[in-house]
Amino acid sequence: MWPNKFDYVRAGSVDEALASAAGGGKFLAGGHSLLPAMKLRLDSPEQLIDIGRIPELQGISANGGLTIGAGTTHDAIASSADVQAMCSALASACGQVGDQGVRNFGTLGGNIAHADPASDPPTVLVACGATINIQGADGKRSVGAEDFFIDLFETALDDGELITSVSLPNCSDCQCAYVKFPHPASRYAIVGVAVCLKMDGDTCAQADVAVGGATVKAVKCADAEAALAGTTLDEAALNAAAEAVKADIAEDLIGDIAYPESYRQQMAGVFLKRAIAAAQG
Amino acid sequence: MSTRIFGSGIKRREDPRLITGEARYTDDIKLPGVLHMAVVRSPYAHANIVSIDSSAAEAMDGVVAVYTGDDLEGLAGLPTAWLIPDSDLKTPEHPALAKGKARYVGDGVAIVLAGDRYQAQDAADAVVVEYEELPAVIDPEEAAQEGAPLIHDDVEGNIAFKWAPFDKEASDAVFEAADVVVSERILQQRLLPTAMEPRSAMAQYNPATAELTLWCTSQNPHIHRFIISAVTGLNENKVRVIAPEVGGGFGSKIPCYPDEALVSWAAMQLGVPVKWTETRSENYLITIHGRDHVQHVDMAASSDGKILGVRATVYAGMGGYLSTAAPGIPTILHGLLYVGPYTIDSVYCESIGVMTNGTPTDAYRGAGRPEATFLLERMIDNVAKKIGMDPAEVRRKNLIPAFEDGYDVAAGLTYDSGDYPVAFEKALGMAGYGEFRRQQKSAAAQGRYLGIGVTAYTEMCGLGPSQVAGAVGFQGGLWESATVRVTPTGKVQALIGASPHGQGSETTLAQIIADELGFAVDDIEVIHGDTTETPMGWGTYGSRTTPVTGAALAKASQKLKEKAKTLAAHLMEASEDDIEYADGSFSVKGSPDQTQSIQDVALMAHLAWNMPEGMDPGFEESQFYDPPNFVFPFGTHIAIVEVDSETGEIELQRYIAVDDCGPQINPEIVAGQIHGGVVQGIAQALCEGVIYDENGQLLTGTMMDYCMPKADMFPNFELGETVTPSPHHPVGVKGVGETGTIASTPTVYNAVLDALAPLGVEQIDMPLTSAKVWQAIQDANGGGS
Ligand SMILES: Cc1cc2nc3c(=O)[nH]c(=O)nc-3n(C[C@H](O)[C@H](O)[C@H](O)COP(=O)(O)OP(=O)(O)OC[C@H]3O[C@@H](n4cnc5c(N)ncnc54)[C@H](O)[C@@H]3O)c2cc1C
């Protein structure tokens, strides 16, 4: 409740934010992960650089694919017609983040920079092959979502680097979905599964699958994808994929005292089936 | 006949200020020059305090003083105020700051007084305490075993008390002779009361007059006054305790805690006001927890379903110290309830109060009675299963028949009134019990798992006759007092000693007065929560404010009305026998034009220009009221659930509650109390539960891990009522503040276990999280995952 002392500056542009970051401290976006940690004194940055009003970080553009400014709120993403059309799984994931108040403040950039393993959006970003666009003192670079998330609360971001936007391919011709099994206390994901299916008639030409919540980071699930591709998504294929996904995440499992790893691993299989059903829905 | 507001669901008069944020809580009160207190708390559940170095903290900006346990000269330890007789009770010292040893995570070790809250916290972080960690024990049954870490040197074997008032031999004989005995080890997990407003206390001391004012989050400011007076040594008439708006308590604001004593002592020491407000994390660590029983329960029955006896050994976790009322909860408020609404002739309870390295426990909504109702209802379902009888049928067979005025039960209580079968059949009818059983079968054929749970309950509330309080070691009375004061312009101030904190009593109590005296509800203010402004009272808990304070107000109002009638007769120059009264107006029989309103009479009483011979001026009456017995509300609750066997998730599909709290003063408020109580009780069954690790660290220290119930977990509740007045109460009412919590936990638990029966699952410890349910299904399948 009572954070340590800190300095505060508001950046008007990406350049200003990067210049301030040279002096240390942390970016403040929606504050919905950073401020609770500071109030509990689990985090004590000496300086907060408020990036909440930088125009370059705002907004969603649809131009072949999607580009979403890092400062765009979960609510804006969930309610965007473009996102709903081009990646409905992301709209759905952002719409399931916390409650309305959290969605009004929390941002996509803040969410992925924070890299809470129980977050929702990262799972979709990994499944759908998103790209994270980053700017730092040394210039700009882009990192694939799968490489961006490294471990619990750990990403490919270097000190002082800012996420400027996230790009996603247009997957309006896929069937995609994000299904979440919320923790009854926090409503973060016990397990979250994102699927993106390219169908060729009744056959699944390509399946992209990622699991979060149950794992230290969002994990792309190659075995489950292989079990689905080329099938008609019949019961046998679904069962095979449900088994395969447990193997895909076995190395990265995470649990807590109430919802242990073993349970979450099993649930990944159950929720993969449910995600596929929702995608076909 | 007068029109009555009794029974009308008028809106709660307290809500506008609560909803618009205009209510003034303790933390909202600002005094110039106030110092903020932060408490350095033990990070260990059990540790010797080797040394404390506060030099760095003392040197910090804004810091005025740092005190440790050794500095608290003149501040006595906190008393335990429920001294259960014949239980070999030990009351270990509870210093306001730990001396030598810390006994739970959060035990206060030092306090810092500083100019603002941030400085205080910074300095608290800078106090260096060296600890020597000791082995800790959390589970009360383990703590009672030989070889467990000893928590207080003067509490041998960690056993604070052993209470076993019933005849063991007689009970054993019943069990030996019975056809059927079922047994279960039941865990009543620890719960966090989670009042919406965390606790807060601010003290101001005037050295010239030696007067102390303490604002604090209290359900019973008069009890706080008495304890603060005792621990500080100030005369009770020099201590004023004010409970401003209090944002819920559920029992957690009954006790007097170290923090309230510490702000008082520090304010006296420093001559400036001192304030402390807990954070939510502190609230979870240090404000009392509820429940924490390990119960070994047996029930004896005949093969045709007659319940013959119940017996239990209960290990009740007390935590690191004995909180204010703690010993009374797993004993008097628990074992005396083992008969429930049934004709059970033999009860036995051995309740063992055990010191542990957990947070102290005390009364939490229902306090002892939910733990009793649960074990009865659980065991009845076990009996039903064992003899192959429908669980509703077993209950029906054992319900006490209707009675109007007194029914003695084997546990020693005399129930006031009840008609259990009527409430029971009504609930079964609302649920469509028979039809559900058919649906359940056809759903099972499709691999769907539906279940139903039925709980018949009665409980003891409206605490209680003071004579009984004395006999059971409660260090206080249990009466209430009230003053009804009418101003010269005919507006009413009702001053009460109880201290409501969210129940809506400002509305219901005004409704009682309105009917008795003929004032509009809007002309009545109910004033509470200040020991200087209000008459003595023992507080708001145990569903007692409506029954006890309500009776005091009804009687004070009746006295006032008698006076009014005499004065009205005098003013109208009529004989009192000819005076008629309706809707707040007196008239003379036969000459309806001549009237005196109650307001006219009140004014004339104040002016006292023309009083009847011997009548004193003024228009105000006080009444002390000590109830002749408890009140015993009752009812039947039913839950219907579906379990998702793939995930273990539970969907609560329907919840039916038929409650009888006597005549309802305000049905909307009654419904609100039931809704809230039911939600809290269901949460115990499904999601709430404190988890400590093996070192006594609280793992459910925030709402991220401790699962508070959320609105979307619940269907719309289906409420029904029956009305059986209490024969001994002036307006017949019973309490309804805790019934929901008491009835709902076993109802939902039994429904879930009913659903899981085809899968072979027989028992799961609460809360029934999806992970546990899923695991139980795997285990029953003989598979594991
Ligand atoms: C009650 C509650 C419930 C929640 N429930 C969920 C949930 O169900 N699912 C879920 O996914 N999330 C949930 N969240 C988290 C929410 O999504 C947060 O908003 C999000 O994780 C952080 O975003 P933010 O904009 O608030 O970031 P902040 O808290 O401002 O920052 C978080 C971190 O990211 C860094 N940062 C922020 N922006 C950038 C940037 N552009 N570039 C580089 N670094 C940056 C900050 O320096 C900080 O270290 C919940 C939060 C709360 C308070």
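**Exercise 1. Work out how chain A and chain B meet.**

*Solution.* Start with the polar side: nine residue pairs, both at pLDDT 80 or more, are in polar contact between chain A and chain B. A polar contact is a pair of N or O atoms within 3.5 Å; within protein, one must be able to donate a hydrogen and the other to accept it, and residues adjacent in sequence count only if both atoms are side-chain atoms.

Next, see who supplies the surface. On the side of chain A that touches chain B, helix 12 (residues 261-280) of chain A gives the most, with six residues. Helices (H or I, at least four residues) and strands (E, at least two) are DSSP runs, numbered from the N terminus. That side of chain A splits into 16 nonpolar, four polar and four charged residues. Here Ala, Val, Leu, Ile, Met, Phe, Trp, Tyr, Cys and Pro count as nonpolar, Asp, Glu, Lys and Arg as charged, and the others, Gly among them, as polar.

Before going on, some ground rules: this is a predicted model, where local features need pLDDT of at least 70, side-chain atom pairs count only at pLDDT 80 or more, and totals for chains, interfaces and linings use all residues. Residues are numbered from 1 along each chain as its sequence is written, chains are lettered from A and ligands numbered from 1 in the order in which they are written, and side-chain values use heavy atoms, with hydrogens and water left out.

Now the overall contact (heavy atoms within 4.5 Å): chain A puts in 24 residues and chain B 26 residues. Together the two chains bury about 2,100 Å², and 61% of that is on carbon and sulfur atoms. Buried area is the accessible area (1.4 Å probe) that two parts lose on being put together, summed over both.

A salt bridge is a side-chain nitrogen of Lys or Arg within 4 Å of a carboxyl oxygen of Asp or Glu. One of them joins A:Arg274 to B:Glu646, with 2.8 Å between the closest N and O atoms.

**Exercise 2. Describe helix 10 of chain B: is it largely enclosed or open?**

*Solution.* First, its length: helix 10 (residues 369-387) of chain B has 19 residues and reaches 27 Å from its first C-alpha to its last. That is close to the expected 27 Å, the expected span being 1.5 Å times one less than the number of residues. Then its setting: 16 of the 19 residues are buried, so helix 10 of chain B is largely enclosed by the rest of the structure. Finally, what follows it is B:Gly388, whose phi is positive, near 70°.

**Exercise 3. Look at the surroundings of B:Ser252.**

*Solution.* Find B:Ser252 in the loop between strand 11 (239-242) and helix 7 (258-270) of chain B. At 2% relative accessibility, B:Ser252 counts as buried. Its side chain reaches the backbone oxygen of B:Gly249 at 2.8 Å. Not counting residues up to four places away in sequence, B:Ser252 touches several others, including B:Pro193, B:Tyr257 and B:Arg199. B:Arg199 also belongs to a network of salt bridges that includes B:Arg41 and B:Asp259.

Conventions
Buried < 20%, exposed > 50% of the residue type's maximum accessible area, 1.4 Å probe, protein only.
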